[in-house]
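Please look over the sequence and the structure first.

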Amino acid sequence: MPSSFRPHIPELMMASGPCSIYPRVLEAMGWQMVHHRTDDFVDLMRSVSDDLSKLFKTANRVLPVEGESILGLEMAACNLVEPGDVCVNLASGYYGAGYAKVLRGYGAEVVDVTVPYDTSVSIEQVRLALDRHPETKVLAFVHSETPSASENPMESICRECRERGVLTIVDSVSGVGGSPVRFDEWGCDVVVTGTQKCLGSTPGMSLVALSDRAWERAARVMKDTGRYERSYLSFLPWRQWVDRDYVPYTPPISAIYGLKAALDIIDDEGGVDDVVRRHERCARAMRAGVRAMGLELWVDADEHMANSVTAIRLPEDVDDAQLRGIMDSRYGLHVSGGLGEEAGRLIRVGHMGYTASAQKVVSALTVLGAAMIDLDHPVDVTAAVAAANAAVSAVE
Ligand SMILES: *Cc1c(COP(=O)(O)O)cnc(C)c1O
């Protein structure tokens, strides 16, 4: 064993997440520890908390939970679902489909609404499922399906559910910060995001927004089911943070430094709406560039496409592993392949957080073009750059 270890770190990572992070976040994460029971740290946590409420557009406190986003998503099921509860689960991709198993694990009777993984679920399909199952307690869905780069209509789904008294669990891990989210206005109940996608920080934290209805239900479900209330999965210990500024566990201090730096970047840019617009612009530029190059997008229609990642259908004669290998080894750009059924059929380029930048989108297009040319599949790189240029400079 060598005495030191350094992995191959790509010059630029535009994967489906994590991606290369903001240099300012990287720097903050190298700071020395401050004790978490000091006034300074509690002040920092309060300021992170205020920023998170602005990010989700909620008056409630958002929980900064240590543990990758999957933890926040499992917490939602553990605290909101009782055995026998009817839960509608929308599956328009890999994460949506996987969540049905989590819900079943907590005893839910799951009603699956499944669509092909190159499109999104329509509000009509949601209404139909809820009409057929008026006893539904919870509806779960993924806002932005990162593995296939599609996006579900979060606003209309949350509004519909609120009107019917159905609680929503939303996996917005790659949505918050990249696509609009208005937690209170849309009547959402639980929205989970991660720090490593559109926020441009590192993986390892779940940010969980809860409505008052979700808090009430969590208290009841934990009591009725006899689930271990002090479990790390329980929302209830977090009341100490919400009610009296006392964090229940040792927070991941370096990750909190990084998160604060990421939230400051949003603030400096003018707020989350401006950051979302940057993500939209980059997504439009990426799509326009891919099309102009002569390649096809994976998702069936622009209005179903995510802002944080673009999936590109691979031509028959191009091998996925070879293409990504050349992009990385020759040009220093790491992108993602497809997952599950989509493996080998597409590549995905993440434009989220730090990588949601015109400069990086244009480099990704040119690197992709160069690698395609290397593989004897010529594409029109000049047209791609011109199309991306037009999309980033278009007045909104
Ligand atoms: C990245 C991602 C996750 C998983 O997040 P982790 O932090 O890796 O647990 C879940 N859902 C979606 C939609 C994602 O993009």
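Q: In which strand is the place of Ser-150?
A: The model is predicted, so to speak of local features pLDDT must be at least 70, side-chain atom pairs count only at pLDDT 80 or more, and totals for chains, interfaces and linings use all residues. Residues are numbered from 1 along each chain as its sequence is written, and side-chain values use heavy atoms, with hydrogens and water left out. Strands are DSSP runs of E with at least two residues, helices are runs of H or I with at least four, and both are numbered from the N terminus. Ser-150 falls in residues 150-151, strand β7.

Q: Is Ser-150 buried or exposed?
A: Buried means under 20% relative accessible area, exposed over 50%, and partly exposed in between, with a 1.4 Å probe and protein chains only. Ser-150 touches Ser-92, Thr-119, His-143 and Ala-306, among others, not counting residues up to four places away in sequence. Contact here means heavy atoms within 4.5 Å. Its relative accessibility is 1%, so Ser-150 counts as buried.

Q: Which residue in β10 does Pro-64 stand opposite?
A: Strand β2 (residues 62-66) runs antiparallel to β10, with five bridges joining them. Val-65 has Ser-206 as its bridge partner in β10. Pro-64 stands opposite Leu-207.

Q: How many residues of strand β10 are buried?
A: In a regular strand the side chains alternate between the two faces of the sheet. In β10 (residues 205-210), Met-205, Leu-207 and Ala-209 are buried on one side, and Ser-206, Val-208 and Leu-210 on the other. The count of buried residues is six of six.

Q: At roughly what angle do the axes of α3 and α8 cross?
A: Helix α3 (residues 69-80) and helix α8 (residues 212-225) have axes that come within 7 Å. From α3 the contact uses Cys-78, Asn-79 and Leu-80; from α8, it includes Arg-217 and Met-222. The crossing angle is roughly 65 degrees.

Q: How far is a polar side-chain atom of Thr-146 from an oxygen atom of the ligand?
A: The residues surrounding the ligand, each with a heavy atom within 4 Å of it, include Ile-70, Thr-146 and Gln-196. A backbone N or O atom of Ile-70 lies 3.0 Å from a ligand oxygen atom. For a side-chain N or O atom of Gln-196 the distance is 2.7 Å. For Thr-146 it is 2.3 Å.

Q: How far apart in space are Gly-187 and Thr-58, C-alpha to C-alpha?
A: Gly-187 lies in the loop between α7 (183-186) and β9. At 6% relative accessibility, Gly-187 counts as buried. Gly-187 and Thr-58 are 129 residues apart in sequence. In space the distance is 9.9 Å.

Notes
Axes fitted to C-alpha atoms, helices over the stretch in contact; angles between N-to-C directions. Pairing = 2+ DSSP bridges. Polar contact = N/O pair within 3.5 Å; in protein donor to acceptor, adjacent residues only side chain to side chain.
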